[in-house]
Amino acid sequence: MEKLYMDAAKDVVVKKEKKKKTLATRIWQQKELILIALPFVIYILVFNYAPLVGWTMAFQKYKPALGMFEQEWVGLANFKQLFSDSSFIRVIRNTISMSIINLSLSFFFSITFAVMLNELKNKSIKKVIQTVSYLPHFLSWIIVTGIVLDVLSTETGVINQLLMTFNFIDQPINFLADPKYFWWIVGFSNVWKSTGWGSIIYLSAMSSINDELYEAAEMDGASRLRKIWHITLPGIKPTIFILLLINIGNIMNAGFEVQYLLGNGLVQEVSQTIDIYVLRYGISLGNYSLATAAGIFNSVISVILITIANKFSKAAGEESLF
Amino acid sequence: MKKIVKWSLAAFSCAALLAGCSSESGTTGENGSTSGGDTTATNDDIRVYSAFMGVAGKELPEDNRINVALAELIGARAEVTWLTGQTAKERIGVMIAGGEYPDLVDASDGYSQMVDAGAFVPLEDYIDDYPNLKALYTDLEWEKIKAANDGHIYTIPTFSSVRGENTETNYGQEAFWIQKRVLQWADYPEIKTVDEYFELINAFLAEHPETDGQPTIGFEVLSDDWRYFALENPPAFLAGYPNDGAAIVDPETLEAKVYDTIPEAKEYFKKLTDEYANGVIDPETFTAKYDQYIAKISSGRVLGMIDQYWQFEQAVNSLRSQGKDELTYIPFGLVLDPSVQPQYREAPALNTNGGLGITVSNDDIEGTLAFLDGVVSEEAMILRGWGEEGIDYEIDENGKFYRTEEQRANWRNTDWVDNNGLDYGYITSYRGMLPDGINAVLPHEQVEEFQANLVDIDLEVLEAYGHEKWADFMEVQDPVYPWFPIYTERGTWTADEPAGIANQKMTEVKMKWLPQIIMGGPDKFEDNWAAYMAEYEDQVDVEAFEGALTEEVKRRVESEKEILEKLGEE
């Protein structure tokens, strides 16, 4: 009996030794791979982690002319200032609302578009549509907002002219002057710009679905819609979940250019995002500490959101990031 | 074999990283030489300095004829970039955060941020070695600049130096503008009040609903971001105060006061509300971007607007080059009550907190100063103003410069100017007369040239009102007080100070409410105005704002006294 235990213990020791050995040897065996990866790890450390030292600014009354150690430390004063400002609370609301609108619209349109494109049997037409649809992705926002402003113009805008021709309205609507339209204008501008691009990844996921599944369904008499519902969509489900998770981490970044370029005094209460707040109250008023504090808040919320979303996804038995 | 592949991959990725690093430092090196400004030899050893101007402007090709000629003359040139699509403070703020600056910076509203960040090189110990620069200002003026900046000269003011008489022919500041054709149609009436102005526009609009097939627009107020000031600042002018910008200052008590709450403000915005309801004001004016505004004015269908001339100057140039001079504008300094004396036109005053400065990223300070000294030498000033002899201008037997008809036509053509001219408008300069005492620095300020450039409608307008030049339409502010202009102080506030936050909030409240009130209709005007005032009081720390300005007014009055006393002693 005792011997048995001894053997077992010995076994464990041996196993441990074996493991230790293998770690070192494994490193040695994989030295080329590690060397290949090393530059990228260094890159991440230098460009993504080293700048975090700058976060100390949020706890100082930072003056650019002074050195790092000559700054005055103020504790959480900058955070207090942030949260006592009604404008900041408002920009958080705007940021999250616009993010959610963007997220839902872009998911809906990208997936629908990808499914429709996938159903297209003529290869050359499919190629042309695909190419044309993702071109707007390469336009800069300054151009896209220029187009949006033209389309929404009360004088020459195509939308007002259409609505007037079909007698929906008698007077042109100045869409950009009314706060209730703004989030949707931003949302649909995003759809126009990114639907084609966003659908690429779904299309590639669809192309990996086994054709036999479709054939089998056809045998069973499934209609086109049935096939989409029971084969195509479940086939790209993992992709959808992963993208959703990544995008939830980005929810605090609703963008900057589009709101900055489309906004005006009349809609500023719904148009300003956290980034614009940082620019107005932090950078242009020379208060870099406040800007940093807002940035930290942003990052912390993002990390929390992505962790929660990941947990949920895991618990539901779906894909997860980590 | 597999191993070789792996090793070469590893070596490759390391090399890529190193290459990434070195090309990275390579680009900063290059930036450093354009922005760091050592004497990078481009063609023929001409030194190149990067320059940033904190105002909107047009970038011109660097191989432009006059640009090349000037670079050859002084052995150096500046690569000028301008502000695009954001405010000067935002751009300067980003520069400071990055810690890298162009060689030369005119920070505009971001001046005090630059000074606080220690980004400007103090120049007081250098200036004496550069005679042309030194001659731009008198000793008293240099002293005033030092007094306003703790004893330092960080920047050389660009527009404050006037040699000889003030030769200004155009009016370049804020006014209510109206198209020449409207005045002609109404047989050149005298316009003094805002009521008369809108009456005229209404009458013309009723008879001319279309211009070149497009609807005529009665009145525009530019409201795009920082350019919105002509929307909010008229009350100060209407009440008879000069362009102090941030506030009105009582000359007796030296108290600064916001002009948003004075009776003139309410009366003026009520007027705009009525005119909006009449359809005189463009419904898009509060949402239009700057480009759209310029496009509308360039189309010639805008009858009038309130603005600073330099904001829509490019639209006027475009109208002139299309030969549509009757669609260009005449300024009027309007008031509400005809007994009030308007003070729209600023007297040339020394701006002690602005102009072009050399930054700490510049490692060739002396070379840069030599460049600046060069660009204000007589030959360079002629080249900058008039161009090249024989191509752009001729000289008569008395030494007077003139242009031939063809040369004038060239300089009226904006495309031609873009391909030949220079974008040195914000580089150190002076106005008035050249050292020869015969010629004006700028061709359009030379009386003969100015007159030769007038077309029929211009002559008609000038004659009808009995004026010699456009500037005569506006009377110069009188008197000029020592604190003028107080808006330069507002620019120095940061978010640390309650006044800085108050200013930001004030801007936001006005940007939102003024358009909302005007578009809200006359019926709701009283309610809207009350709501606006309530939010104004709730959001804006008026006391901090006024207090900080009042303090600065008093400081400037004292400082002027001290300098004058010192001068008296000497």
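Student: What makes the pairing of Asp85(A) with Lys505(B) a salt bridge?

Tutor: In this predicted model, the closest N and O atoms of Asp85(A) and Lys505(B) are 2.9 Å apart. The rule asks for a side-chain nitrogen of Lys or Arg within 4 Å of a carboxyl oxygen of Asp or Glu. The value of 2.9 Å meets that cut-off, and therefore the pair is called a salt bridge.

Student: How do you know how much area chain A and chain B bury between them?

Tutor: The size of an interface is often given as the accessible area lost when the parts come together. Chain A and chain B bury about 3800 Å² between them, with 56% of it on carbon and sulfur atoms. Glu32(A), Leu266(A) and Leu285(A) supply 17% of the area that chain A buries against chain B, more than any other three residues. In terms of residues, 43 of chain A are in contact with 49 of chain B.

Student: Why is Arg301(B) called buried, and why is Glu155(A) called partly exposed?

Tutor: Buried means under 20% relative accessible area, and partly exposed lies between that value and 50%. Arg301(B) has 5%, so Arg301(B) is buried. Glu155(A) has 30%, so Glu155(A) is partly exposed.

Student: What makes the salt bridge of Lys554(B) with Glu255(B) meet the rule?

Tutor: The closest N and O atoms of Lys554(B) and Glu255(B) are 3.9 Å apart, and the cut-off is within 4 Å, so the pair qualifies. Lys554(B) lies in helix 23 (residues 542–569) of chain B and Glu255(B) in the loop between strand 10 (248–249) and strand 11 (256–257), so the pair ties together parts that are 299 residues apart in sequence. Lys554(B), at 36% relative accessibility, counts as partly exposed, as does Glu255(B) at 41%.

Student: Are Glu449(B) and Arg408(B) buried or exposed?

Tutor: Glu449(B) has 2% relative accessibility and Arg408(B) has 13%. Both values are under 20%, so both residues are buried. Glu449(B) forms a salt bridge with Arg408(B), the closest N and O atoms being 2.8 Å apart.

Student: Why is Ser161(B) called buried, and what does the side chain of Ser161(B) reach?

Tutor: Ser161(B) has 2% relative accessibility, which is under 20%, so Ser161(B) counts as buried. Ser161(B) is found in the loop between strand 4 (155–156) and strand 5 (162–163) of chain B. The side chain of Ser161(B) reaches the backbone oxygen of Leu136(B) at 2.9 Å. Beyond four places in sequence, Ser161(B) touches residues including Ser429(B), Tyr430(B) and Arg431(B).

Student: How do you know that Asn64(B) is buried?

Tutor: Asn64(B) has a relative accessible area of 2%, which is under the 20% limit, so Asn64(B) is buried. The side chain of Asn64(B) reaches the backbone oxygen of Asp418(B) at 3.0 Å. Leaving aside neighbours within four places in sequence, Asn64(B) is in contact with Asp418(B), Asn419(B), Asn420(B) and Gly421(B).

Student: Which residues touch the most other members of the largest nonpolar core?

Tutor: Phe176(B), Phe219(B) and Phe312(B) do, in a core of 98 residues. Helix 21 (residues 498–519) of chain B gives the most to this core, with nine residues. A second, separate core of 45 residues includes Ala69(B), Val121(B), Ile156(B) and Ala380(B).

Key
Residues are numbered from 1 along each chain as its sequence is written. Chains are lettered from A and ligands numbered from 1 in the order in which they are written. This is a predicted model: local features need pLDDT of at least 70, side-chain atom pairs count only at pLDDT 80 or more; totals for chains, interfaces and linings use all residues. Side-chain values use heavy atoms; hydrogens and water are left out. Contact means heavy atoms within 4.5 Å. Buried area is the accessible area (1.4 Å probe) that two parts lose on being put together, summed over both. A nonpolar core is a set of buried Ala, Val, Leu, Ile, Met, Phe, Trp, Tyr and Cys residues joined through side-chain atoms within 4.5 Å. Buried means under 20% relative accessible area, exposed over 50%, partly exposed in between (1.4 Å probe, protein chains only). Helices (H or I, at least four residues) and strands (E, at least two) are DSSP runs, numbered from the N terminus. A polar contact is a pair of N or O atoms within 3.5 Å; within protein, one must be able to donate a hydrogen and the other to accept it, and residues adjacent in sequence count only if both atoms are side-chain atoms.
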